[in-house]
Amino acid sequence: QGVAFLSLAIFLIFVNNAKVGVGSKAPLETRYQTAITISTAVCLFSGFFNILQMTGLDDFDLPRSTSFTLDLSRPVEWLMTCPVLQLVLVILGGTRIPSYRKFMMPLLCAANLLCGVAAMFSEEGAMQWVWFVFSCIIWMIYTY
């Protein structure tokens, strides 16, 4: 029920407000409206996952030397919301930001988060550091 309600809410937000395709050439007010629309949808989605995190439905025990329980909905939420927020930053930037950044920024953000998830599920030791260093390299690419 919660997923259906969230899906309906996000659908109604996008149908009744500015479209993402407006792009960076639109006037500033239109870009603000698009950013608010996307941010509202992200807020609803994030709120749903934060409620899910309070339950025990998403608890996942990771094999560590100490007991570590991961709320699995947390990295899923990050993977779903952070790339979208990167897209919002590109839209707000306007024509000063190259158009290829609309795809590059969200994809690099998702890749960075996937490296973090891979490090989280890796055994303790060198492999976690490899994922961390690879993630830092990706971060340097998309902040350049």
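Alanine 119 counts as buried in this predicted model, because its relative accessibility is 13%, below the 20% under which a residue is classed as buried. This alanine is placed in helix α4. Along the sequence, alanine 119 and tryptophan 129 are ten residues apart, and in space their C-alpha atoms are separated by 7.7 Å.

The side chain of serine 122 reaches back to the backbone oxygen of alanine 118, at 2.7 Å.

Where contacts join residues at least 6 apart in sequence, 60% of them link residues at least 24 apart.

Helix α4 also packs against another helix. Its partner is α3 (residues 73–93), and the two axes lie 8 Å apart at an angle of about 155°. The two helices are therefore roughly antiparallel, since an angle over 145 degrees is assigned to that class. The crossing of α3 and α4 is right-handed. On the side of α3, the contact is made by Pro75, Trp78, Leu79, Cys82, Pro83, Gln86, Leu87 and Val90. Helix α4 contributes Arg101, Lys102, Met105, Pro106, Cys109, Ala110, Leu113, Leu114, Val117 and Met120. By class, the residues of this contact divide into 15 nonpolar, one polar and two charged.

Helix α3 has a further partner in α2 (residues 28–53). The axes of α2 and α3 come within 10 Å and cross at roughly 170°. This angle makes α2 roughly antiparallel to α3. The contact of α2 with α3 has 14 nonpolar, eight polar and three charged residues.

Helix α2 is roughly antiparallel to α3, and α3 in turn is roughly antiparallel to α4.

How values were computed: Residues numbered from 1 in each chain as written. Predicted model: local features only at pLDDT ≥ 70, side-chain atom pairs only at ≥ 80, totals over all residues. Heavy atoms only, no water. Polar contact = N/O pair within 3.5 Å; in protein donor to acceptor, adjacent residues only side chain to side chain. Axes fitted to C-alpha atoms, helices over the stretch in contact; angles between N-to-C directions. Helix = DSSP H or I, 4+ residues; strand = E, 2+ residues; numbered from the N terminus. Parallel < 35°, antiparallel > 145°, perpendicular 65-115°, else oblique. Left-handed = near helix turned anticlockwise from the far one by under 90°. Contact = heavy atoms within 4.5 Å. Nonpolar A, V, L, I, M, F, W, Y, C, P; charged D, E, K, R; others polar. Buried < 20%, exposed > 50% of the residue type's maximum accessible area, 1.4 Å probe, protein only.
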